[in-house]
Each structure stands twice: as C-alpha cells, then as structure tokens.
Amino acid sequence: MSVPRSVALERTLYTLAAPVLAAAPTLYPDSPVNTVVQLAGVAGLGGWFLAYKSDGLGAGRKILRWSPLVAAAAIDVAARHTIGWGPYCLDGLLAAGWAAAGLLVLPFSRHTRRHHRPALAAPAPAPQMQAVPEPSPAQPDDGADNFTRQVRWLWENRGLPGRTIVIKATPHPGMPMDLSLLLRAAEPGRPISGLTEEAVAAAFGVDVTDVRIEEVGRQYGREGGPGWKEVHVTPDMNEQRRKAPTDHEWWADRIGQAGGPVPGSQFVRKVREHGRRVTHYIAQVPDEMGEPRVNRHTLAAALKTKYDEGRLFVTVDGNQVLVSLWDTSPLGQVFPATRELLTPDKDGRWVTGYLGNGQPARNRVYTDRGAAHGLFVAPSGGGKTQLMALHVAADALFGAVVMLATEAPDEKTAVLGSHTARYGVGALYMIRLLRVLNALMEIRGEMVWEDGQVHDWDPNLPGCPYRMLSAYLDEFLSAARDGLFGAEIMDLAERVSVKGRKYGVGLKVAGQSIYVQDGFTQLLCENLRENCIPVVLKVAPKKVGDMFKALGISSENTPDPLPRSFSPAEAGRIDRVMRGEPEPPSDSNTGGAGWIVEAKQPDVLRTLFMDFKAGIDGYFPDTIETLTAHEIRELEARDLWFDWTEPPRPGEFGPEPKDDEYGDEEAPAKGGNRRSGGGKPATRRDTVTSPRQALEAIKNLSRT
C-alpha cells in the first residue's frame, strides 16, 4: 500500500529528531540546538494563541498542528534541569514518547491534506442515470424535456385533474418546488371546466393558497381560449413572501388586494425621512379606476397603528395616493409661531400651521377678489383665541389697520387688543365697529387714487389712498343674539361680507358655530366661506358632519372626527388592572388641532402656538396702523368716530321715545333696537329656523 510523501517525510523527521531532543540538553547544554528548539516552542505558543482568538472554524485542528513544537520545547527545558539522563532515564523516555505520539497522530501532514485526501480504500461509485418516465398513452412523446416528462408522469398518476394533460412544465429558478404548467383539455376541442385550485394542490401536495390558475390567451403558433389553462404552483415563493416579503409584495398582499385598504393600488416606492421621523408610501391605481378609494381604518390596521392615534395621513392626487406614517403624531407636537412664518409673502399668504402630512398650511390676507374675510370656528378651549392672534399678527405685519371687538372680556383677547388700532368689549362696541365699517365702504368708494380715478381695492395696484382694514368679531353669534343690538349686528355684518372686500375691508368672524339655525344668515355664511380659508378646530364628533355641510363640503369629503388625544396610550394596562391601580390621566393635547378648508376637501392641521405667557410683542410690528386723517374726518362728520365704550348717546339708535307713548307700560331702555336716522326696527332676515326662535319673535312682536 502506498504512503503519501508528506506522511513519510513527517515520520522520518520525528524519528531523527527524538535522539537529538533527548541528548542535546544533557550532553551539550549550551548548544544552539536547545535555543532553536525553544524558539520553535515559542512559535507554537503563538500559533495556539492565534487559533484561540480566531473566529473561524478549525481552531482545534490548528492547536493540534502546533502541539509537537510546544511539546518539544517543554521536553528540552525539562531535560536541561534534570541531573544526567534523569531518574529512570526520563529524558529518553519523554523524547521517545514525543516521537511515538507524532508518528501516530501526524498533525502536520494529516491536517494539511484535509481537503484533498484520496479515498484509497474503495473505488468511486459509478454514476447512476435517472430513470426517464415512459411516454404515456394519454400524453404521447412529443420531444418534451426531461422535467416536463416527469411532471406528465406525476400528473397522470394523480388521475389527470380536471381531465387535462400537461403540454409544458417550467421550473422556477431558485425555487426547487415552484413550477408553471401549460395545460390543455384531454379531449381536443372541449373546454376545461373541472379544474380547480384544490385539485391541483392535491396533485402536488401543497396548500390551496399556493396554486393560481390563469386564462391563456391566443398566441402566434399556439391556441388559446377555454380549452387551455396556465397553472402556477408556488409553495416556495409564497413561503418566502410570508416570511420576508419585499415592499411590492407586502403592499400587494396587505394593501392593494381586492377588499384591501386601497384596492387595486400598485406600490411605487417607499421613502423614509429620518429627520422628521416619518415614512411615506407612494402608490397608484390604473387610470381606468379613477381616484383611489381609501379605507383609512383598515389601512391603519395594516400599518399596525390605530386611526385615532393621529399618526396616519393620506393624500390623494389624481390616481396616486401618498400614505404618511409618523413615528409620533405631528398633531401632538407644538409648532412655535415666528415672525417669519406670520409675515405674508408677495401673494398675501402666510403659515397658519402644519398639515398632518408635514406641509405648511397657509392662509391669506387678501385674494384676487380683494380683502380676505375670515371664519374661525372652535369650542371653548379649542384654540380659537390663539388662531385669531395669528391672523391679527399676519394682518398687522402686512400693514393693515386691525380692529377687534369681542362679546365678553378675556385675558388673552385683552392682551391681543393692545396691538390693534381699536379694541372693545360688548355688543354695543361691536355694533359701533360695524357701523364704521359700513360707513368706510361709502367713504372709500369716493376716495381718489393717485391716477385721479376711483378703483376697487387691489394690493398690487399703486396709488391706493387707504390701508387694508381687518375687523375681528369674537364670539360673534353671542353678540348677534343680543336683545337690543343683535338684529342690526347681523344685518351690518352681512353687508360688510358682501361688499367689504372691494374696499379693502375684511371681516373676520370667530365663534363656536356657523350653523344658520344658531343665528347665522345663509348669505353671511356663504360670503365668508367664499372669500376666506375657513379654519375649524376641535369639533365634537357628532357635529363634524353638520359643520362641514354648512361649509359646503360634500358628504364624501367630510373628514372623520379627531381623536380626544394624540398622546399614545400608556402601556401596561393589564398589569394595572391586576394590581387594582387607576389609569393615568389622558393628555388632552388637541388644542389648535382641526381642519383648514382651502379646497373641496378639508385638511387636518395643527396651528402655530403663540406663547402669551412669554409675551407676544415680538410677533407684531413696532407701529400700529390706523385710519387716514381723511377717513377719520368723514367718520367724525357722521358722528361715528368717538370712544365706543361710552353708553349709548341720545339719538344714536333712533329718536328718543316719549314716555307717554307707552302709557302704563315700561319704556324701553335707552339705545333700544333702532337704527340711527330711520327710527324703524331692524328686522333679522333668514334667522327664524326653529320653534324657539319663532317663539322669541312672537314675544318681540307682542312688546311693540
């Protein structure tokens, strides 16, 4: 039997080195041979250390390979420190044992030949050819490849499911169990009617979900139609798709499937913005499907969130859809107001807040039709005063004259009023302001511009002799219900909403409702809505539908109610229940959250935050603009420009009635519901829309 050369060489070296290793330390203690042996042992120790620290395989094999050098150095050191040959000739015995171990183990030659040792004991087995199935009577041999013939044999043994035969079988690369079949009816000219996914799955021993049957279209050189089917059996692909799907596969299976959150949609791309901590998913539907249909609640479930957490926002643009999933709700964040954001640009637009998708939400101080009106709706604590303060600052930074009237005193409103040309409280103050606005429309309609002509107000037309005027009416509906001045307040506000824009007069109405039945006239509501960008904050869920219907929003575009809180629920509720502990208080952080209605569909936003406690002076210009001297003179001539906080002046609201005109009845209070110059009660139009209001109208008539 032949011995490999490396084995013979290693055995020879062990045989020759053993006598030298035993004799050199005893006979020649200072010989260089001892130094060489000890250096070899140090090298072996280094090899041990490197093998121990290595992360690769074969550390034990490497340690065994270096063992002869380390053992030889140890024997050499021991022999130098024994007397003579040592007790019982120990030096010779150790050297002989070292050589015998090397001859037996052969660490160097055996381990270096690990990958290419020939098998000498047995001859290589002869390759076995795989049996090729015999052609079957149902499917005669047509020169098909070996894989197709094997599938045909299996198909026939399974009873030809659906009375079909296999024309072609194609394996899927990289998927050992996946294949596609081209099937034809066993009887030519007959349709395939009995083939089901269950039958195919049973034939191949896979799940029904791993089988897909498709129609076969006619191609050049091949028939098609109901007598043909194409079957895809994909257990490997489906298993991989379930465990580690790609973005396209995940979207198709969870989002775009029939009955899914966005049925028919096809994934386009995924974008992650680490700075803003938001993930965007972009998809589209075929053009023939029109606008994507989005079920936001099932979409939230597919994205492993809850719809009322405020983290999910959907934007539809034509046949495309953008799904934005935030790590934390952007509506729960605080966006500090800055003077830069509040300063209108050349088009009169400024930033009111930020939408749920991260875009800045902008409002405007004027439109292409003139001065912009305003409509702010929010319940108590919804952030209405904050929103109104943002608009007042934007108007002031634009250079407009700002006046503010509120029905009831308020701490923040009073601070805000210090930055306006005029500020006052009560229905009396509000009606005087509205009378001035109506008079100014007449005065400005006669003021000549620099070109000697009279024009409608246009911020882009040079030579305007007056400034834009913004009048803010807070808690407007409460003032409009006032028994003495309410009817005229509503009537005057309606006039300003119709014509004020042409004279640079913007009417900004703030309140808790915009319902006609609550006091608004239909005309006032329509004029404000058409000439402003309404903002609605924190509406009660039951009022959302009616509120947006009053704003002219169609039912299909009516948004869902906002959640009661945008803070995520604190984990560990089950543990708290088991311990009998109370739930932590919910953080009601929805102030300033709501909708801005610039287009046909409301967009969710969070308004900027103006810190009243830290002071708001920095948001406003140093100079407070007021009316021109000409305007003030004209108003004084009409007896309208004075201290509006004074009690009603004699004759201000009509001729003073004589006491004997009422007989024994109590005379009405001074400054009753009469207009100056007319003496005729101002009737409220389009306001009697409920039994309660009709009863009040009857009572008013009974007093006259």
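Me: Which hand is the crossing of α14 and α20?
Reply: Right-handed, in this predicted model.

Me: And what angle do those two pack at, and how far apart are the axes?
Reply: The α14 and α20 axes are 10 Å apart, and the packing angle is about 120 degrees. With that angle, α14 is oblique to α20.

Me: Which residues make the α14 and α20 contact?
Reply: From α14 you get Val436, Ala439, Leu440, Ile443 and Arg444. On the α20 side they meet His630, Glu631, Glu634 and Leu635.

Me: OK, stay on α20. Which of its residues are buried?
Reply: α20 covers residues 629-637, and the buried ones are Glu631, Ile632 and Leu635.

Me: What do they pack against?
Reply: The buried residues of α20 pack against α14, which is 427-444.

Me: Which exposed residues are on the face turned away from that?
Reply: Arg633 and Ala637 are the exposed residues on the face of α20 turned away from its buried side.

Me: Switching to strands. What's the order in the sheet with β1 in it?
Reply: It goes β1-β2-β4-β3, an open sheet of 4 strands with antiparallel pairing.

Me: Which strands are at the edges, and why does one side of each lack a neighbour?
Reply: The edges are β1 and β3 (211-215). Each has a single partner strand, so one side of each has no neighbour in the sheet.

Me: How much twist?
Reply: From one strand to the next, the twist averages 20 degrees.

Me: What packs on that sheet?
Reply: Helix α7, residues 197-204, is one of the helices there, and α7 touches β2, β3 and β4 (228-233). Its direction makes about 130 degrees with that of β3. Then there's helix α6, residues 146-157, which lies across β1 and β2 and runs at about 130 degrees to β1.

Me: How many bridges join β1 and β2?
Reply: 8 bridges, between β1 at residues 164-172 and β2 at residues 175-185, running antiparallel. Histidine 172 has methionine 175 as its bridge partner in β2. For threonine 164, the bridge partner in β2 is alanine 185.

Me: What about the turn in that hairpin?
Reply: There are 2 residues between the strands β1 and β2, and glycine 174 takes a positive phi near 75 degrees.

Me: Last topic, the whole chain. How many helices and strands?
Reply: 21 helices and 20 strands.

Me: What share of the chain is buried?
Reply: Buried residues make up 42% of the 704 residues.

Me: And how many of the contacts join residues at least 24 apart?
Reply: 63% of them, counting contacts between residues at least 6 apart in sequence.

Terms used. Residues are numbered from 1 along each chain as its sequence is written. This is a predicted model: local features need pLDDT of at least 70, side-chain atom pairs count only at pLDDT 80 or more; totals for chains, interfaces and linings use all residues. Side-chain values use heavy atoms; hydrogens and water are left out. Two strands pair if DSSP finds at least two bridges between them. Axes are lines fitted to C-alpha atoms, for helices over the stretch in contact, and angles run from 0 to 180 degrees between N-to-C directions. Contact means heavy atoms within 4.5 Å. Buried means under 20% relative accessible area, exposed over 50%, partly exposed in between (1.4 Å probe, protein chains only). Angles under 35 degrees count as roughly parallel, over 145 as roughly antiparallel, 65 to 115 as roughly perpendicular and the rest as oblique. A crossing is left-handed if the near helix is turned anticlockwise from the far one by less than a right angle, and right-handed if clockwise.
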